[in-house]
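Subject: Structure for you, with notes

Hello,

Here is the structure you are taking over. My notes follow below it.

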Amino acid sequence: MDYDVMIIGAGPGGIFSAYELAENNPELRIGVFEAGHPLEKRKCPIDGKTVKSCVRCKPCAIMNGFGGAGAFSDGKYNITNDFGGTLYEYIGRDTAMELMRYVDDINCRYGGAGTKMYTTAGTAFKKLCMQNRLTLLDASVRHLGTDINYVVLGNLYAELRDKVDFHFDTPVYDLRSCEDGYEIITEKGDHYTAAKCIVSVGRSGSKWMEHICRELDIPTRSNRVDLGVRVEIPSVIFDNITDELYEGKIVYRTEKFEDPVRTFCMNPHGIVVNENTNGIVTVNGHSFEDEHRKTENTNFALLVSKHFSEPFKDSNGYGESIARLSNMLGGGVIVQRFGDLERGRRSTPARIENGNVRPTLNATPGDLSLVLPKRILDGIIEMIYALDRIAPGVANEDTLLYGVEVKFYNMEVELNSRLETCHKDLFVIGDGSGVTHSLSHASASGVYVAREILREY
Ligand SMILES: Cc1cc2nc3c(=O)[nH]c(=O)nc-3n(C[C@H](O)[C@H](O)[C@H](O)COP(=O)(O)OP(=O)(O)OC[C@H]3O[C@@H](n4cnc5c(N)ncnc54)[C@H](O)[C@@H]3O)c2cc1C
């Protein structure tokens, strides 16, 4: 065997598995295989000047490499069982919370100390939401910010690089069971073996994960897709919310269809960014701790969850098709003023230019009603008016909507309470398992599996 433990993917799930294993048993031989670059070599070519939109690099520097999809994220670690995944269903609520707090301690130790922890508990804002048909979910949120998140990842790498073999730019092509363990074959054609294998390939590895589950006969369940837009407003409109909570997870049930619409990923004084998933350009958001990088805008997503029933199984394919439609019409992400959407007309460069909100992403002015299904768009419009009641100004004409934002969920891999598949010592963690959808849950799942393995050594 080349290793005791092989880890596929160096996102938060893989990193925290490696960390926990290496710190607690220095004798273990650990190999981490990552499709993307080391952290310092991850550089998206979009500079807003010579390269204005996604050129579909392979691997994508935003989604792949040390730090995974979260490396350039806002670094919001939500410590809660209310959202971010269903890890608690496998390991119990108390263990899940304990592990998320443990991850927070490590993040603080490796550069995150001094960043702010927000909490929704006991806020007056919760009552205001209730009075307006809105629900504020409970959570504590450690906001590292994109810049400190990067520092923490750099420090974790410095800690691990001498204890763990990192194989960067090494996509794993195949995974097989072999005598006494597992064998992987990389795209370069190299073979490696280990007694135990942790798969942590995240969202970008979802297609690969499906393929491996088919090959190894691991049962899966199809999941949901969340579709919507990213809203950008002058930050003063949302300051009462973001100053107190930083990230308010607010849910609204529409009057028309009783569909839940939720806010997601708030970025006070942040920027709107492109995201590339499997070659499809969607929208996301970032914000910074560094005062110099803060903008005059706040952005957040409004998402509607779509669950499909029989016979349709390809929920991600549905989300991809809608995102592809926006790419077809706009060459990438489309931006529209809320006033234009309400009037049933497209936005033009001049209409955006004349508005009060200066866009932080160079997107194509267009018409989102040609892209998003009516039911989803109706839900988003209703929610914008509901938010306007707690933060007047959200429904202003100049509010910008970028589309589409899609939150893809991996199919759920059937796992036992050790997060182990039907094959002994083959574990699947993080977003690639369909169990987690966030930094804190993915990281916690990594620590959990590492501890399961450590018990055997
Ligand atoms: C722009 C952006 C902002 C976000 N902001 C937040 C936030 O503020 N808070 C939050 O909680 N969540 C956020 N998220 C989500 C969060 O990043 C993910 O939930 C988290 O990264 C999941 O961790 P993971 O380790 O499971 O997977 P990932 O982080 O996706 O890492 C998986 C890794 O596996 C590698 N890989 C895939 N396939 C293979 C293969 N075949 N061989 C080798 N390597 C492979 C990939 O290159 C990748 O590096 C954000 C995501 C994005 C894209």
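In which loop does P59 lie? P59 is in the loop between β2 (30-33) and β3. Keep in mind that this is a predicted model.

**Cis peptides**

P59 is worth a look for its backbone. The peptide bond from K58 to P59 is cis, and its omega is near 0 degrees. There is another cis bond, between G403 and V404, with omega about 0 degrees. V404 sits in a strand, β20 (residues 400-408). For context, most peptide bonds are trans, and most residues other than glycine have a negative phi.

**Positive phi**

R133 is not a glycine, yet has a positive phi of about 60 degrees. Its place is the loop between α4 (124-130) and β5 (134-136). R133 has 15 C-beta neighbours inside 10 Å, so it counts as partly exposed.

E258 is not a glycine either, and its phi is positive at about 55 degrees. E258 has 8 C-beta neighbours inside 10 Å and therefore counts as exposed. This residue lies in the loop between β13 and β14. That loop is the turn of a hairpin, with 6 residues between the two strands.

**Around β14**

Strand β13 (residues 250-253) runs antiparallel to β14, and 3 bridges join them. V251 has R262 of β14 as its bridge partner. β14 also pairs with strand β17 (residues 297-306), antiparallel again, over 5 bridges.

Is β14 (residues 260-267) largely enclosed or largely open? Of its 8 residues, 7 are buried, so the strand is largely enclosed by the rest of the structure.

**The β3-β6-β4 sheet**

β3 comes up again here. It belongs to an open sheet of 3 strands, in the order β3-β6-β4, with antiparallel pairing. β3 and β4 (116-119) are the edge strands, each with a single partner, so one side of each has no neighbour in the sheet. On average, neighbouring strands are turned by 20 degrees against each other, direction ignored.

β4 pairs with strand β6 (residues 140-143) over 4 antiparallel bridges. T119 is opposite S140 in β6. Helix α3 packs on this sheet and touches β3 and β6. The direction of α3 makes about 150 degrees with that of β3.

**α3 against α5**

How do these two helices pack, and at what angle? Helix α3 (residues 93-112) meets helix α5 (residues 145-160) at about 95 degrees, with the axes 8 Å apart. The two are therefore roughly perpendicular to each other. α3 brings N107, Y110, G111 and G112 to the contact. α5 brings I148, V151, V152, N155 and L156. By class, that contact has 5 nonpolar and 4 polar residues, and no charged ones.

**The ligand shell**

Which residues come nearest to the ligand? They are G9, G11, G68, G202 and G430, out of 42 residues around it. The elements giving two or more residues to the shell are α1 (12-24), β3 (76-79) and α12 (439-454). The shell has 23 polar, 13 nonpolar and 6 charged residues.

When you open the model, begin with P59 and the cis bond from K58. Then go to the ligand shell.

Best wishes

Conventions:
Residues are numbered from 1 along each chain as its sequence is written. This is a predicted model: local features need pLDDT of at least 70, side-chain atom pairs count only at pLDDT 80 or more; totals for chains, interfaces and linings use all residues. A residue is near a molecule or strand if its C-beta atom, placed from the backbone, lies within 6 Å of it. Ala, Val, Leu, Ile, Met, Phe, Trp, Tyr, Cys and Pro count as nonpolar, Asp, Glu, Lys and Arg as charged, and the others, Gly among them, as polar. Axes are lines fitted to C-alpha atoms, for helices over the stretch in contact, and angles run from 0 to 180 degrees between N-to-C directions. Angles under 35 degrees count as roughly parallel, over 145 as roughly antiparallel, 65 to 115 as roughly perpendicular and the rest as oblique. Two residues are in contact if their C-beta atoms, placed from the backbone, lie within 7 Å. A residue is buried if 20 or more other C-beta atoms lie within 10 Å of its own, exposed if 12 or fewer, and partly exposed in between; C-beta atoms are placed from the backbone. Two strands pair if DSSP finds at least two bridges between them.
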